[in-house]
Amino acid sequence: MPADVTSLPACPQCGQNDMVRRVSDLVQEEPGSPLAQRLAAPRSPQPAAVMGCATSFFATMVSIGAAIFATGLTELTSSAPRTSLLFGVRDTSVFTGIITFLFVFVGVHAMFVWRQARASRYFRRAFVAWHRASERWQQLHYCARCDGVFLSGQTSLTPVDQVRMLLYARRPPQPAAASPAKAPQSGEGG
Ligand SMILES: [Zn+2]
């Protein structure tokens, strides 16, 4: 239906809008085409895995392993008299084992908490970037004549294979007419 052709912005390269389509419409109408795949909407980032029973189980297993190893090592190397025995080993060895267990258990948990905090920080950043890219993608138009994409108000055409750069750019491309001519800022610093 070419009814709303007049509402489409003109291509910055050829100045016409008769071959311009909204990218979101294009992707929706022909989802399998190679062009639609190249212009697909930005994918949302995956949230970080939540710490759960698996983490605690892993920490417990590692801690028990370390405790047994520490107990055995202390038992082998200890020169203390075998007077005070607990479960068949010296109580100093048992003490070493318990301390090792606690330290390793807390350490493994702390490592997971730190990793999760870092992952969620990355996720927040990725989510913000994705959200901005999605909003830009909604305003993206494709000119079939020039085989390029542009945002409303953009004064230059972007090749299709550089669409990710356009979507994820930190600042949207400003129209050249709107931005005043900047004097070259050099000479600062050393
Ligand atoms: Zn064009």
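Colleague: What makes β4 and strand β5 (residues 148–151) a pair?

Modeller: In this predicted model, 4 bridges join β4 to β5, and the two run antiparallel. Pairing asks for at least two bridges, so these strands qualify.

Colleague: Happy with that! What lies between the strands in the hairpin of β4 and β5?

Modeller: There are 4 residues between them, and Asp147 takes a positive phi near 55 degrees in this hairpin.

Colleague: Why are β1 and β6 (158–159) called edge strands?

Modeller: The open sheet has 4 strands in the order β1-β4-β5-β6, with antiparallel pairing. Each of β1 and β6 pairs on one side only.

Colleague: Last one: what makes you say that both faces of strand β4 (residues 140–143) are covered?

Modeller: Leu140 and Tyr142 are buried on one side, and His141 and Cys143 are buried on the other. Buried takes 20 or more other C-beta atoms within 10 Å, so each of these four residues meets that cut-off.

Methods
Residues numbered from 1 in each chain as written. Predicted model: local features only at pLDDT ≥ 70, side-chain atom pairs only at ≥ 80, totals over all residues. Buried ≥ 20, exposed ≤ 12 C-beta atoms within 10 Å, placed from the backbone.
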